[in-house]
Amino acid sequence: MRRLLAALPLLLLAACTGNPSDSQTPRSADEPSWSVPCDPGTTPVEGVGELELDCLGDGAPTAVGADGKPLVVVLWASWCVPCQAEAPEIEAFFQANGDQVGVLGVDTADTDDAGRWFADDFGMTFPSVADPDEAVRIGLGVPALPGIALVNADGTVAELIVQPGVTAESLAEAAGVAFGLELA
């Protein structure tokens, strides 16, 4: 029994090492496949101004703003643990209400590849822009991630949601009240 216990660390070390050619390619060497394009906003968001950021999906410069309908601006990052819990909820909200309310994700203080992996992993179908310098978060006055701005069609901010734990239902309720809409 002592020999087994003494050999256990060596067995574990052997299991963790091996020929790299025998293993799969590490995820970091792969390219993320997520590529949702962005539509530029036509009405600047209050506090953000006429800011252009690169679309996370296709790299195109994208004006951050509303486009004739209310907009939910979701600040997230791959490293943000509460953002991971909220991502499926934001996606469910978008699927149920995207015809009435625009959704724009803002990948904040992150790398493009990490952001695309995050969006790919969570099956996000709404567009997102890359904001490595946190211009949107700072401009809106969001203290930390996650954060959500409910933006009227005229670009004014109706409400900020800065507490983590948003669900599709709670977001639909808050956005419905802020925008005067019946949302699912």
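## Disulfides

In this predicted model, the S-S bond between C80 and C83 has a torsion of about 75 degrees, so the disulfide is right-handed. The S to S distance of this C80 to C83 bond is 2.3 Å. C80 is buried, at a relative accessible area of 3%, and C83 is likewise buried, with a value of 3%.

The structure holds two disulfides, and another of these bonds joins C38 to C55 with an S to S distance of 2.3 Å. The torsion about the S-S bond of C38 and C55 is about 80 degrees, so this disulfide is also right-handed. C38 lies in the loop between α1 (2–16) and β1 (43–44), while C55 lies in the loop between β2 (52–54) and β3 (61–63); the pair therefore ties together parts that are 17 residues apart in sequence. C38 has a relative accessible area of 11% and is buried, because the cut-off for burial is under 20%. C55 is buried as well, with 3% relative accessibility. When the bonded cysteines of the protein chain are numbered in sequence order, the pairing reads 1-2, 3-4.

## Overall architecture

The secondary structure of the protein chain consists of five helices and nine strands. From the N terminus on, the order of elements is α-β-β-β-β-β-α-β-α-β-α-β-β-α.

The protein chain has 184 residues, of which 42% are buried. Among its contacts with a separation of 6 or more, 67% are between residues 24 or more positions apart.

## Packing of α2 against α5

Two packed helices are described by the angle between their axes and the distance between the axes. For helix α2 (residues 81–97) and helix α5 (residues 168–179), the angle is about 55 degrees and the axes are 8 Å apart. The two helices α2 and α5 are therefore oblique to each other, and their crossing is right-handed. On the α2 side, the contact is made by E89, I90, A92, F93 and N97; on the α5 side, it is made by A168, E169, L171, A172 and A175. By class, the residues of this contact comprise seven nonpolar, one polar and two charged.

S170 also lies in helix α5. S170 is partly exposed, with a relative accessible area of 33%. The C-alpha atoms of S170 and F93 are 9.4 Å apart in space, and the two residues are 77 positions apart in sequence.

I148 is found in strand β8 (residues 147–151), and its relative accessibility of 1% makes I148 a buried residue. Leaving aside neighbours within four places in sequence, the residues in contact with I148 are V72, V73, V74, I90, E159, L160, I161, V166 and L171. Of these contacts, I90 and L171 also take part in the meeting of α2 with α5.

The C-alpha atoms of I148 and L75 are separated by 6.0 Å, although the two residues are 73 positions apart along the chain.

## Helix α3 and its cover

Which residues of helix α3 (residues 112–121) are buried? They are G115, R116, W117, F118 and A119. The elements that cover these buried residues of α3 include β5 (71–76), α2 and β6 (102–108). Just after α3, G123 adopts a positive phi of about 60 degrees.

## Backbone features in the loops

Most residues other than glycine have a negative phi, and most peptide bonds are trans. A109 is found in the loop between β6 and α3 and is partly exposed, at 28% relative accessibility. E134 also has a positive phi, near 65 degrees, and is a residue other than glycine. E134 lies in the loop between β7 (128–131) and α4, and its relative accessibility of 24% makes E134 partly exposed.

The peptide bond joining L145 and P146 is cis, with omega about -5 degrees. P146 is placed in the loop between α4 (135–140) and β8.

Note on methods. Residues are numbered from 1 along each chain as its sequence is written. This is a predicted model: local features need pLDDT of at least 70, side-chain atom pairs count only at pLDDT 80 or more; totals for chains, interfaces and linings use all residues. Side-chain values use heavy atoms; hydrogens and water are left out. A disulfide is a pair of cysteine sulfur atoms within 2.5 Å. Helices (H or I, at least four residues) and strands (E, at least two) are DSSP runs, numbered from the N terminus. Buried means under 20% relative accessible area, exposed over 50%, partly exposed in between (1.4 Å probe, protein chains only). Axes are lines fitted to C-alpha atoms, for helices over the stretch in contact, and angles run from 0 to 180 degrees between N-to-C directions. Angles under 35 degrees count as roughly parallel, over 145 as roughly antiparallel, 65 to 115 as roughly perpendicular and the rest as oblique. A crossing is left-handed if the near helix is turned anticlockwise from the far one by less than a right angle, and right-handed if clockwise. Contact means heavy atoms within 4.5 Å. Ala, Val, Leu, Ile, Met, Phe, Trp, Tyr, Cys and Pro count as nonpolar, Asp, Glu, Lys and Arg as charged, and the others, Gly among them, as polar.
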